[in-house]
Amino acid sequence: MKSLAGLQIPVDALQQLQQGYLQQATELWNRSLTLAEAKPLPDRRFADAAWASNPAGAFTAQLYLLNARTLMELAEKVEGDEKTKARIRFSVQQWVDASAPSNYLALNPEAQALALKTKGESIAKGVQQLFADIQRGHVSQTDESAFEVGRNVATTEGSVVYENELFQLIEYKPLTAQVHAWPFLLVPPCINKYYILDLQPENSLIRYAVSQGHRVFVVSWRNPDDSCKAWTWDDYIEKAAIQAIRVVQEIGGSEQINTLGFCVGGTILATALAVLAARGEQPAASLTLLTTLIDFESNGILDIFIDELSVEMRENTLGAHAPQGPGLLAGKELATTFSFLRPNDLVWNYVVGNYLKGEAPPPFDLLYWNGDSTNLPGPFYCWYLRHTYLQNELKLPGKLTVCGEPLDLGKIEAPVYIYGSREDHIVPWDAAYRSTQVFKGKKRFMLGASGHIAGVINPPAKGKRSHWVGKPNSFPKKAQDWLDAATEHPGSWWTDWSTWLASHAGPMKAAPKTAGSRKYKAIEPAPGRYVKEKA
């Protein structure tokens, strides 16, 4: 409350907004009295002809849009510290999106017309779907019955060749007669399931890497339950990331391996490599970081959730020293938080379709994965919040001690390929770019179009989107300076990355005929048990 006490809106700005609002509201009212059919609105929520042909609906929609613009302008005019202003803007936007007349049957002429046309069947189906979602505990974004892990998602052929309490290690069956000498380890985020990298054969980054002649391994994280609630950040580094590196080295018969981390998986992987560097080890022939945060100075919308009080609250309820003992952060809580970062696309769109119109959401593999949430151990999560998002200590040499070692990411000697997505709202591209200022060796930065997931999962065969390539070995401090000098190229960035990765993957040799090794025998077929565990 202390931070809210000094907030105010300048009097002249408030008066200007009031006058503008009254003028626009009067014009809107006068137009509505003519009873002429309104023009379709550019907002997709009101684009259906039913809104324009219904005078009350058209007026309600236009008045809502006027109110929404005015409220957001008011939020922009608030004077105060930047973080508090950002929180106000976010809160106002949440309220504005939730109050749209399209979200309510009594105010939505499109849903009403559909109810009349179907003689109430659309409402009956909507109620059925509402009760089904209440039982599921979340708003359905896709037909979840259409997918099954291992049947039509996560289908690239392979075997689990190692497991411990934190993860299973999957090795994929080669698709080429020869493979590169250095094996390739992928570390996905533990916040979601690994198969975002292996949704369908045509958009699988894993299958693509296998087809390019790499011996590919991936970490499949366990979905933590109550028996795992005391796991720490150090556990994930030592017992998971470092252990995965060790096993891949042994199976591949090579001290050198190529590595890739995606999102928080990249943060974990980079931390593990820095711990090994402190021990005098340099196992990575290369390091690829996809939409990964290393420097947490400014991270867009997620920053508004993080301050000392919010982190202390988590530590006191879930952390290692919480009065009631450590706990789990429920996967559904995380999933809900991320959905409300884009509420019109990921929440209200489905409320209207599922419940008001009775339309079952179509099958979509990406949204199925998005709803397949994972829990997080409280001590791990609290350490991550405090030392990265809040205190931004990961980038500072010697500031943190992890697994008993002083951490310095600058001591990682591997060449680094850093990827950011231009429209990413979770890892803003300029935040991903800041990693170029942390790593000291050879680097390549790649900027792709679209968002956090769609930008990454962009196979070349689709011919979609574009990517930006900067000047060789030029990494100015400001991300915008890099972009100003970069060149846009059509299509996927995967081909550029594949060429880069091959140059660090060693000579070709005969592909192995069986998975694992004498010591690490196949345990079960991919995708394994761990990925099928539900939160």
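1. What share of the contacts in the protein chain with a separation of 6 or more comes from residues 24 or more positions apart? The share is 80%. This is a predicted model. Read every value below as computed from that model.

2. Start with the overall build. The protein chain has 535 residues, and its radius of gyration is 26 Å. A compact globule with that number of residues would come near 24 Å, so the two values agree. Along the principal axes, the C-alpha atoms fill a box of roughly 80 × 55 × 55 Å. The secondary structure consists of 18 helices and 17 strands.

3. Next, burial and surface. Buried residues make up 54% of the 535 in the protein chain. The accessible surface is about 24000 Å². Carbon and sulfur atoms account for 54% of that surface.

4. Look at the helix pair α2 and α4. Helix α2 covers residues 11–33, and helix α4 covers residues 55–77. Their axes come within 11 Å and cross at roughly 175 degrees. Angles over 145 degrees count as roughly antiparallel. The two helices are therefore roughly antiparallel to each other. On the α2 side, the contact includes Leu14, Leu17, Tyr21, Leu28 and Trp29. On the α4 side, the contact includes Phe59, Leu63, Leu66 and Leu74. By class, the contact has 11 nonpolar, five polar and four charged residues.

5. Then turn to Gln168. Gln168 sits in strand β2, residues 167–172. Is Gln168 buried or exposed? Its relative accessible area is 0%, so Gln168 counts as buried. Neighbours within four places in sequence aside, Gln168 contacts Val160, Tyr162 and Glu163, among others. The list of contacts also includes Val218, Val219 and Ser220. Further along the chain, Gln168 touches Glu524, Pro527, Gly528, Arg529 and Tyr530. For a sense of distance, take Ala52, which is 116 residues from Gln168 along the chain. The C-alpha atoms of Gln168 and Ala52 are separated by 55 Å.

6. Ser220 lies in strand β5, residues 216–221. Ser220 is buried, at a relative accessible area of 1%. Leaving aside neighbours within four places in sequence, its contacts include Phe167, Ile170 and Tyr194. Pro527, Tyr530 and Val531 are also among the contacts of Ser220.

7. Where does Pro527 lie? Pro527 is in the segment after β17, the strand at 524–525. The peptide bond from Ala526 to Pro527 is cis, with omega near 10 degrees. Most peptide bonds are trans.

8. Most residues other than glycine have a negative phi. Ala154 has a positive phi, near 60 degrees. Ala154 is in the loop between α7 (121–136) and β1 (158–163). Its relative accessibility is 2%, so Ala154 counts as buried. Asn392 also has a positive phi, near 45 degrees. Asn392 is in the loop between α15 (378–390) and β10 (401–402). Buried means under 20% relative accessible area. At 12%, Asn392 is therefore buried.

Methods
Residues numbered from 1 in each chain as written. Predicted model: local features only at pLDDT ≥ 70, side-chain atom pairs only at ≥ 80, totals over all residues. Heavy atoms only, no water. Axes fitted to C-alpha atoms, helices over the stretch in contact; angles between N-to-C directions. Helix = DSSP H or I, 4+ residues; strand = E, 2+ residues; numbered from the N terminus. Parallel < 35°, antiparallel > 145°, perpendicular 65-115°, else oblique. Contact = heavy atoms within 4.5 Å. Nonpolar A, V, L, I, M, F, W, Y, C, P; charged D, E, K, R; others polar. Buried < 20%, exposed > 50% of the residue type's maximum accessible area, 1.4 Å probe, protein only. Rg over C-alpha atoms; globule rule 2.2 N^0.38 Å. Areas by Shrake-Rupley, 256 points an atom, 1.4 Å probe, with all protein chains shown as cover.
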